[in-house]
Structure formats: structure tokens, C-alpha cells
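Please read it beside the sequence and the structure.

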Amino acid sequence: VIETVSSVGNITILRISGSLDASVSMQVGEALSRHVAEGRSRLVLDLQQLEFIDSSGLSALLAALRATRREGGDLVLLRLPSVVRPAIELTRLDRVFSIVDDEPAALAVAAGRVGATAASG
Amino acid sequence: VPAVVRPPPEREAGTLLTLRLDSRLESGREASRVVGGLCREAGFDAATCYAVELCTAEAVVNAVRHGYEERAGNVVEVIADLSEGAIVVSVADDGPGLTSGWPPPSCEHLDQAALEERAGGGWGLLMMHRLMDRVELLPTVRGTKLRLVKHLRRLPSTRKEQP
């Protein structure tokens, strides 16, 4: 469900696909924690192929976000599918996560060069 | 929350399906796929289908976590009923039910820092309340039943023409 796609400078791009639900959220959370523990605290999560996310998945992403920011990094959500947006908007977590639609913008936000709002538009 | 004490029916009129699932976290997604599929087959719009799918998963995971403390080998029963323009999904377990978190807290007035620091619990119940038209927590003879009601909007292309 989670795989590393590439690294651009000190930014790691990962892809989460399929279903981020209660049965896998702990595993995904641990994978993200490992990245941060190993010094990779600037993460971009490409969610284009994400089909489903529940509250456990959101909690895993939120925990990872906090971990990256504690280390001076950030976690950016890239290409969030419209079908899963309500879960994030209803919990107001769209105000917490940086959510962008294209990779250059995601890299700029993850690098701390620009805020998500500026990158989006 | 109204306290309605009655045994869960074996099968109600209009019932589309009854699932008896093992009390594992995987059962949440399993149930949600089936119930979401029913909504799609019935021709309802994508947002409604996703909302029902998500809330079914949350309700089953809730039963596994709070009813059985994630111990496998117990039964979570999911009944979906489609009638009078609404889908009703009931998720029942034999456990003690929620001891806290009901009704779910609102996140409307939390600022960004508070949202970011908020711990894991509570998002599921909150989403159910926001996405469903009605959410009821009902104690039963054997345990607890969470009942979700969502009024449905059919896609125009699937609506039958009147003669």
C-alpha cells in the first residue's frame, strides 16, 4: 500500500495506493515513522491511486505530519483524489495538511520554499 | 441518545444483505466494499456511495475495537436495508459498547494547532455524524448496535421513466 517512488534532494516522494484503512494504517504509520527516524523528514505523499481512507488512515497521516514537523520538515499530500476529500474536509484536516495538485509545487512546499496556499494557486 | 432495548432481528423486511463478520480490523473494509457496491448497483451518486462505504467501515472497526477490544473470533453483524429512499446500515456486536466518545466532539472550533495535536480517537464517530443523516447508538440485549441512515439521491441516468 506504500512505496518509495524517488528522492529529489532531501525530499522523499512516496506513493500510497489502494485502501488506507484500519487494517493497514499502523503498518503505513510505521513506514512513515521510519523515514523520519532515518533523517528523511521532508516527505511528499502521492495519493493519486488512493481509493479509500478512513479515520485510522487519517490518524496515521496526522501522526506522520507531526513527526516530520517536529524534525523541521513537512509532509505534503500530492494529488488527493476528489472521492476521499470529504473525509479530510469534514475533519477540518485540510487546514492542517499541505495539499497540492502537482509535483513541482509539492516539492517546493516540502522544501519549505513556499506555503501550500501559494503553491496551489 | 434514546435507549431502545430489543433483540436484533434475524432478518427484517426489505433487508438487502446480512453479513456476519469476524471481529478483525480487516472486516471494516470488507463490509464497506460490499455495502458500497450495493449503493453503486442501486444507481446512487458517487459521493453518497463513498459516504456510506466510509461510515460502514468506521462502524465495523468501532465494533471490533470497542465491542471486542480487537480480539478476533467474535461476530460483528452488518445488516443493510434499502427502503423509502434511504439506506439503513446496522452494525451490531456483543460487546459492552462505547464507554466514552459519545456523542462525538465537534472539531468546528478547533484551530490549526489544536487539530494537528488532536490524538487519534474520535474522527470516525465525527465523520459518521457529518456524513450520515442519522446515527443512533442502541444498546441491545446482547451488546450494542450502531444504526446509520442515509437518504439517497439517484443519478438522473438511472431513474426509471414513468409511463
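## Interface of chain A and chain B

Four residue pairs are in polar contact between chain A and chain B, both residues at pLDDT 80 or more. A polar contact is a pair of N or O atoms within 3.5 Å; within protein, one must be able to donate a hydrogen and the other to accept it, and residues adjacent in sequence count only if both atoms are side-chain atoms. On the side of chain A that touches chain B, strand S5 (50-53), helix H2 (55-70) and helix H3 (85-90) each give two or more residues. H2(A) gives the most, eight residues. Helices (H or I, at least four residues) and strands (E, at least two) are DSSP runs, numbered from the N terminus.

In total, 25 residues of chain A contact 28 residues of chain B, with heavy atoms within 4.5 Å. The buried area is about 2300 Å², and carbon and sulfur atoms give 60% of it. This is the accessible area (1.4 Å probe) that two parts lose on being put together, summed over both.

## Helix pair in chain B

H2(B) (residues 46-67) packs against H4(B) (residues 123-131) at about 145°, with the axes 9 Å apart. Axes are lines fitted to C-alpha atoms, for helices over the stretch in contact; angles run from 0 to 180 degrees between N-to-C directions. H2(B) contributes residues including Leu54(B) and Glu58(B), and H4(B) residues including Met127(B) and Leu131(B).

## Basis

This is a predicted model: local features need pLDDT of at least 70, side-chain atom pairs count only at pLDDT 80 or more, and totals for chains, interfaces and linings use all residues. Residues are numbered from 1 along each chain as its sequence is written, chains are lettered from A and ligands numbered from 1 in the order in which they are written, and side-chain values use heavy atoms, without hydrogens and water.
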